[in-house]
Amino acid sequence: YNWLIQIIPALIIAPLFINGKVEFGVITQSAMAFTQLLGAFSLIVTQFQSISSYAAVISRLASLTEAREKEMQERISAIAFSKDPDRIDYRQLTLRSPRSGRVLIKELTLAIPHGRRVLVLGQDKTARTALAYATVGLWEAGDGHIARPNLEKVLLLPELPFLPPATLRELLLGPWPEEDGPVDRRLKDIQVSDEEMLKTLAGLKIETLLTGFGGLDKRHHWENSLPLADQQLLVIARLLLARPRFAFLHRPSATLNPAQIAIVLGMMHEHAISYVTFEEGQVNFKLYDDVLELQGNGDWTYKPVGG
């Protein structure tokens, strides 16, 4: 293919030269032109090894994707969901450890209407985490039914904050709505005025971030610039401005002192945000209406504070 094929132009042009129809130089020109044309049409042949390797990689990736999809289908959660804008309702909810299959919470049945303040107590961190994650569909090992508002109306506050490099304004903007709709309407839904931002920061007693870090529009690496408590308060400021119906707070005492927790929960109550707080130590029961106690073996009790 690489050498014998080169004689083709000579075989075609040589008779013309012998008959005197073309000059000798035409033979050389035709050989050069044929070589260029041959190179252009020989891509598959010359790159056969690279193309074969590429095809093999694609085949392996396709097999991996199919195996992953098959695994995901087999792991589809038995937890059913429905929408209820005014409450979170657990019905016969059982949650298990995805690895060991240990029952974390057994047949939980209770409703948390909007406006109630709930404290979840229990030494089993996995059980507490499972309940919070299952509420928003992030915990698949279990069965039962959960009714809740749309996901943008149920926000989780993890134990440790995460703040990407950004400006204060970018950090404080609310999340995108879950429903589809015109972009202009959705942008309007997430707009927050400067006055609202300043008022929220002042309420949390972190308004000095504005003067100390160049205002709302200066970009910073916040995790390297702020103490852990101020990072968490900044995340909470975003939550307050987003105004969800429900907020799940995982061990706020890990980063905030009791006075700061009281301020945060008080502001959530003022903003009509129902909060569910997960703790394992001493807490101020005056900030709650009901207590859900996870007893470690899957059992649970739910009662009013002081009941």
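How close do the axes of helix α11 and helix α12 come, and at what angle do they cross? Some notes on that and on the sheet follow.

1. This is a predicted model, in which local features need pLDDT of at least 70, side-chain atom pairs count only at pLDDT 80 or more, and totals for chains, interfaces and linings use all residues. Residues are numbered from 1 along each chain as its sequence is written, and side-chain values use heavy atoms, leaving out hydrogens and water.

2. The axes of α11 (residues 228-242) and α12 (residues 258-270) come within 11 Å and cross at roughly 5°. Axes are lines fitted to C-alpha atoms, for helices over the stretch in contact, with angles from 0 to 180 degrees between N-to-C directions. The two helices are therefore roughly parallel to each other (angles under 35 degrees count as such). Helices (H or I, at least four residues) and strands (E, at least two) are DSSP runs, numbered from the N terminus.

3. On the α11 side, Ala-229, Leu-233, Ile-236, Leu-239 and Leu-240 make the contact, meeting Gln-260, Val-264, Met-267 and Met-268 of α12. Contact means heavy atoms within 4.5 Å.

4. Now the sheet: it is open, has 4 strands in the order β1-β5-β2-β3, and its pairing is mixed. Its edge strands, β1 (78-83) and β3 (103-113), each pair on one side only; strands pair if DSSP finds at least two bridges between them. From one strand to the next, the twist averages 10°.

5. β1 pairs with β5 (residues 142-148) in the parallel sense, over 6 bridges. Lys-83 has Arg-148 of β5 as its bridge partner.

Definitions and conventions
Parallel < 35°, antiparallel > 145°, perpendicular 65-115°, else oblique.
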